[in-house]
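Subject: Structure handover

Hello,

Here is the structure I said I would pass on. My notes on it follow below.

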Amino acid sequence: MNEKRMKEALESIARRNVPENINLWPRIETAVTLNVSPIEREEGERRTFMQTLRARPALMLLVVLLVLSLLTGAAYAIGRSLGYIPGFGLVEQGATIRVLKAPMSVTRQGVTVAVKSAILTADRTNIEYSITGVPPSAYPEGEAVTGGCIGELSQPYLLLPDGTKIPEGRFLTTGIPADVNTAVFVLPCIFNTLPGTVPENWELSLQFVPAQPQQLTVFPVTEIPPSPQPTPSITAQNPLALTNVLDIGNRFVLMGEFRYDVLGTVGDNNVFADGSWMWTKNVRAVDASGREIPLQINGDIEGPIPSGHAEAWMYQIDKNFLPPLTIYYEVERVTPVGDEQRAEFEFDSGTSPQEGMTWPVNREFTFSGYRIYLNSITLEHGGYNFHFKNDPDVSANLLDVEIVGHPPFCGGGGGGPSLEEQELTRSVCYGMATPIPTGKLQIVIKFQALQRETQMYQLKWEPPQPYATATPQTGVCLTLETWNRLAEDNEENPLGMGGKIVATVNEGGMLPAIYVSNLDGTILQKVDSGAWASLSPDGMKLAFSASDGIRILDLSSGQTIGIGSDGYRIIWSPDGSRMMFTATFALNVVNADGSGLRQIDTVPAQVISPVGWLPDNQTIVYGALDGGQFMLMKHNLQNGETKALFPIQNKAGYGAISPDGEWIVFADRIVGESNWGIFISRLDGSERKLVVEPQVPTAFMSVWSPDGQWLIINTRGMDNYDRPVLVNPFTCQVVPLEKISGTVEGWGR
Amino acid sequence: MDERQAIQRLKDGDIGGLEFLVMHHQAKAVRVAYLITRDFGLAEDIVVESFLQAYRSIHGFDMSRRFEPWFMRIVVNASLKIMQGLSRQVGINEEVEESLWTEFAARVNSIEEQVEFIEVQNQIWEAMEKLSPRQRAVIVQRYFLEMSEAEMARNAGTSIGTVKWLLNAARTRLRGLLERSER
């Protein structure tokens, strides 16, 4: 299909399903006005984005799924001993934090309501829940609806044993008493659904338990006075100041101000005495090596409140930079030149103009030496558009249009940047409630010449050396700090380990290329293209998923056989006689020669993911998607005996069993983290240990060495290249595999 | 008021600027979110949230750039984030899904000239349901928002090569599905 037809098709689909006259403004306006505008913020009252969310009846699914990343946590306060929970914010250090004992879910008529996690502190409650499986037909499609699940009615709440109700809107300002360890999560109905279309009155019983260290990462927060002065380093020339720095583990949070009043006398709205104003064009951070350090937004911590005529700023940066750090603050000062100039003319739109109508005007005006040509006026959504064609540089000045006697909702001034746009459109719009004026209208064109000057300010910050890094969780082998240092580490394969590695590399083709090599990258051989490459334990055969199904390649003879079945996540038995693989909903086992294909009788699940074999060659382990998590199951192929092991939360259900069958490596979610960590544990879930902290970007899949002592962890660098790393999960020795490209999928003898 | 003035007003704390932006971008934004999520109610929620996010971070917006690409990036990312969150619940996960397209990879045949447009639309819509959210997102960005691969890479913080690969995978799978639906 060519691109034009694809676009047309998508346009048509979208238009069919999303009406043109959609109006989200009332919801957005309510949300914003219940919060506070930046101007009001300067006047002292300060609310948070989360208060906006709290005040809204329900953004339901969206909000709850985003809640961990959007929560604005406790306000920063000097002098308190604080900890930081990523996604939750600041907490008192040492405070008791409770979490959900187990995720809960209820499914009715195909709709599932699940409470996935909870974090409870003395003064805050955070519940993460989701609603899935709601059919599109349950939602209105632009028709007028009487009743339905909206507003307060749709708001979930926690029901405590004594009958107290805590509505969702108060979760973040209400703590559940320490002696209350149960509550019922009540969802009266599902937001915006039509009456009778989906089940109502949902109730899920929750239990809260004290958080264990492995369930919750609480980074100690260290307050660092900005260097070199302990106080804001505002000088007569430099309005840029660093006011505070928080060390929250692997990142610093920098807080500061840009003080307009350092640059001159400032009045209301930070307008200077000469009528000029400033706006921030760009903020950058560069380290001593000249590398630009990404400035991130931290939504968990409230930023500083600016004092007087200042703009406050707060950015978060990763610690992997070479100090000192220079912050560049680029602003533009805009100064009116001369008086405002005006021109008027009459325009008749008729008594009942329709949207889409165009009136040619073809009038030329001259302001401050600029020729400005008004081509036409159109009536579009919400008001009139005036289409100009101008000399270059007009857009760098203020050009505005008014209709006399009809103050627009969104008319008025404002300037643009200095762009040489020669075609400009100015709109006069009237909001949703105000009728658009019609008939003979007096139009005023206003022009204000502006002078623009870009100014750059900078400050340097030298963090304390050494960095006050976070206390890692006990026994974590690969931290972000370690991982960052690996790039400088030349110690490759110091133990002389051997064996064959299979890795897949995206080379732009439809299927990734499959390479087999030694662990040190030598004897590299591109064997084929395909996915889910799996090396037999003896390193002699390679199974992979190709376009025509699973193939088995004999690496010594080069002969390939196909088993005639599609599938993925192929895992060889320890003796190399069989393989198991999945076709999403079913688990299959096949002999190494492609014969004997059979489906395994697994527990019913939405997705089945193979994990590994035990040394007896008869017992397999697989993950079965159950609600929001994969339950690991052990299954004996001979007698059919099946036993649940423990749940993991990674979206593919991947894990790998060590060759001796004693350990399992898996990716699992850590409450409060947006990424997953890599863990090992015994098969019953005991002796669980975090091997790779979640800040290290990893794939789900990890690979055991043939002797079961090492893991290859597939990480991915900032440059988007794969960086497989050898980690001994027992001794925590870490070795980079710089010579191996791509994603390592298997390691044979 | 034009778009830049609206943004400047918003930077100055005047939510009238936000209404202008909402009025001009909401329909397209909801369509983008809908094409990715296939859920109208969810798409509306995502766009409301995206505008709030834009409002919250407008001070960091570079006025020398166009608002629409900046905002649509927020919408696409929010849609993806939601879908990724949902995928944890329903198992429509990217890694699984991306593996499935291999099933279709060899069945690619151009069908574009063989069927009527309206029929293709329905097939596309059905086929898109079977794509992973990320694949849907790249299709929407490339064909609906008409973004270049370079823009998509910049937005996703990834390399052009990765975008090419994703796009190719999505396109290939879509074609495979379309062809299958023809049979």
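Which residue follows α1(B), and is its phi positive or negative? The residue is B:Gly13, and its phi is positive, near 95°.

Before the rest, some conventions. This is a predicted model, in which local features need pLDDT of at least 70 and side-chain atom pairs count only at pLDDT 80 or more, while totals for chains, interfaces and linings use all residues. Residues are numbered from 1 along each chain as its sequence is written, chains are lettered from A and ligands numbered from 1 in the order in which they are written, and side-chain values use heavy atoms, with hydrogens and water left out.

The two chains

Chain A has 6 helices and 47 strands, whereas chain B has 10 helices and 0 strands. Helices (H or I, at least four residues) and strands (E, at least two) are DSSP runs, numbered from the N terminus. Of the 749 residues in chain A, 55% are buried; for the 183 residues in chain B the figure is 68%. Buried means under 20% relative accessible area, exposed means over 50%, and partly exposed is in between (1.4 Å probe, protein chains only).

I also looked at contacts, meaning heavy atoms within 4.5 Å. Among contacts between residues at least 6 apart in sequence, those joining residues at least 24 apart make up 57% in chain A and 70% in chain B.

Chain B: two enclosed helices

The buried ones are B:Arg4, B:Gln5, B:Ala6, B:Ile7, B:Gln8, B:Leu10 and B:Lys11.

Helix α8 of chain B (residues 133-144) is also largely enclosed by the rest of the structure, because 11 of its 12 residues are buried. Among them are B:Arg136, B:Arg142, B:Tyr143 and B:Phe144. Just after α8(B) comes B:Glu146, with a positive phi of about 55°. Most residues other than glycine have a negative phi.

Chain B: a helix pair

Two packed helices are described by the angle between their axes and the distance between the axes. The axes of α2 (residues 16-37) and α3 (residues 40-57), both of chain B, come within 8 Å and cross at roughly 135°. Axes here are lines fitted to C-alpha atoms, for helices over the stretch in contact, and angles run from 0 to 180 degrees between N-to-C directions. The pair is therefore oblique. Angles under 35 degrees count as roughly parallel, over 145 as roughly antiparallel, 65 to 115 as roughly perpendicular and the rest as oblique.

On the α2(B) side, the residues making the contact include B:Leu18, B:Leu21, B:Val22 and B:His25; on the α3(B) side they include B:Phe40, B:Leu42, B:Ala43 and B:Glu44. The residues of this contact divide into 14 nonpolar, 3 polar and 1 charged. In this count Ala, Val, Leu, Ile, Met, Phe, Trp, Tyr, Cys and Pro are nonpolar, Asp, Glu, Lys and Arg are charged, and the others, Gly among them, are polar.

Chain A: two strand residues

A:Gln455 lies in strand β23 (residues 440-461) and is buried, with a relative accessible area of 13%. Its side chain makes polar contacts with the side chains of A:Glu453 (3.3 Å) and A:Tyr457 (2.8 Å). A polar contact is a pair of N or O atoms within 3.5 Å; within protein, one must be able to donate a hydrogen and the other to accept it, and residues adjacent in sequence count only if both atoms are side-chain atoms. Not counting residues up to four places away in sequence, A:Gln455 touches A:Met278, A:Tyr329, A:Glu330, A:Val331 and A:Arg333.

A:Asp348 belongs to strand β17 (residues 325-348) and is partly exposed, at 41% relative accessible area. Its side chain reaches the backbone nitrogen of A:Gly350 at 2.8 Å. Beyond its neighbours within four places in sequence, A:Asp348 is in contact with A:Trp359, A:Gly439 and A:Lys440. A:Gly439 is 91 residues away along the chain, yet the two C-alpha atoms are separated by 5.1 Å.

Chain A: two loop residues

A:Ser368 sits in the loop between β18 (358-367) and β19 (370-380). Its phi is positive, about 50°, although it is not a glycine, and at 40% relative accessibility it counts as partly exposed. A:Glu687, in the loop between β41 (676-682) and β42 (689-692), has a positive phi near 55°.

Regards
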